[in-house]
Amino acid sequence: MISKEEHILLHAEKLFAEKGFEGSSTREISKKAKVNVSMISYYFGSKEKLFVKIFEVRMNESLAFSKDILANDNLNEWEKLVTVINRYADRVKNLKTFYRILQREQLSNKNPHIAEFLNKSKKGFLAIYSELIEKGLQNKTFTKRPRIEFLHSTVSGTIFTALNTLPVYKEFFEGDENYENQYFDEIKIHVQNILKHLLGYEENI
């Protein structure tokens, strides 16, 4: 069972995705979460702090999971990389509301606290990719050393574009109720195939 604080965060996230930060009031958030408006002040202090907290929670979730995978000695570097990227694709699919807010904030870059969380997250993933690839090269799992910046851009850019263009693709190809799940499953395979080429992974099989 989630806490009252988490309950408010989830409903606030949905409202911010729908109406944006400026278009959402604490009264609307409290109504959506079915709590007294004073609870927002109690847990978060203000609407802005609540907004920042959403980013803090989501960014920390992603990095914590990835660091746990990095420390898993039962997986080789390719398996770790695939696990991290598949998890990322699943989060984008399942947390559409948050990732739409994230994209909006990246474009506006208005809140310095959120910008700091986003930069921390990006640097965290760059460090994870760097460590995985360096170890993979050392133990001959990989045979190529791509630029980490390009690898990161390829992964995040492909998955974000997939999210944003999904409604158009589904309409154009007249997708049924299974279209989205199949779409994201194949996105994962597509990204893996690109990374195999960039890292020279298949050359070692």
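The structure is a predicted model, in which local features require pLDDT of at least 70 and side-chain atom pairs count only at pLDDT 80 or more, while totals for chains, interfaces and linings use all residues. Residues are numbered from 1 along each chain as its sequence is written, and side-chain values use heavy atoms, with hydrogens and water left out.

The protein chain contains nine helices and zero strands, where helices (H or I, at least four residues) and strands (E, at least two) are DSSP runs numbered from the N terminus. Its pattern along the sequence is accordingly written α-α-α-α-α-α-α-α-α. Taken along the principal axes, the C-alpha atoms of the protein chain fill a box of roughly 60 × 40 × 35 Å. Of the 205 residues, 43% count as buried; the term buried denotes under 20% relative accessible area, exposed denotes over 50%, and partly exposed lies in between (1.4 Å probe, protein chains only). Among contacts with a separation of 6 or more, 69% are accounted for by residues 24 or more positions apart, a contact being defined by heavy atoms within 4.5 Å.

The protein chain exposes about 11,700 Å², of which carbon and sulfur atoms supply 51%. Accessible areas come from the Shrake-Rupley method with a 1.4 Å probe, and for residues only the protein chains shown count as cover. A nonpolar surface patch of about 460 Å² is formed by Val168, Tyr169, Phe172 and Phe173. Patches consist of residues with over 30% relative accessible area and no salt bridge, with like charges joined within 9 Å and nonpolar side chains (Val, Leu, Ile, Met, Phe, Trp, Tyr) joined within 5 Å.

The charged side chains were considered next. The protein chain carries 31 positive and 28 negative side chains, and the centres of the two sets lie 5 Å apart. In this count Lys and Arg are positive and Asp and Glu negative, whereas His and the chain ends are not counted; the place of a charge is taken as NZ of Lys, CZ of Arg, CG of Asp or CD of Glu. Side chains of opposite charge can pair when their charged atoms come close. The structure holds 10 salt bridges, each defined as a side-chain nitrogen of Lys or Arg within 4 Å of a carboxyl oxygen of Asp or Glu.

One of these salt bridges joins the side chains of Glu13 and Arg58, at 3.0 Å from N to O. This pair links distant parts of the chain, with Glu13 in helix α1 (residues 4-19) and Arg58 in helix α4 (residues 47-70), 45 residues apart. Both Glu13 and Arg58 are buried. Because Lys53 and Glu56 are three residues apart in helix α4, about one helical turn separates them. Lys53 is partly exposed at 26% relative accessibility, and Glu56 is partly exposed with a relative accessible area of 26%.

Glu180 and Lys96 also meet through their side chains in a salt bridge, at 2.6 Å from N to O. Distant parts of the chain are again linked, as Glu180 lies in helix α9 and Lys96 in helix α6 (residues 96-108), 84 residues apart. Glu180 counts as partly exposed at 22% relative accessibility. Elsewhere, salt bridges that share partners join Glu13, Arg58, Glu61 and Arg91 into one network.

Helix α9 comprises residues 179-199 and includes Lys188. Lys188 counts as buried because its relative accessibility is 14%. Apart from neighbours within four places in sequence, Lys188 contacts Asn86, Ala89 and Asp90. Asp185 is also found in helix α9 and is partly exposed, with a relative accessible area of 41%. The C-alpha atoms of Asp185 and Leu9 are separated by 28 Å, these residues being 176 apart along the chain.

Backbone geometry was examined in two loops. Most residues other than glycine have a negative phi. Lys140, although not a glycine, has a positive phi of about 70°. Lys140 is located in the loop between α7 (112-138) and α8 and counts as exposed at 56% relative accessibility. Glu174, likewise not a glycine, has a positive phi of about 50°. Glu174 lies in the loop between α8 and α9 and counts as exposed at 71% relative accessibility.
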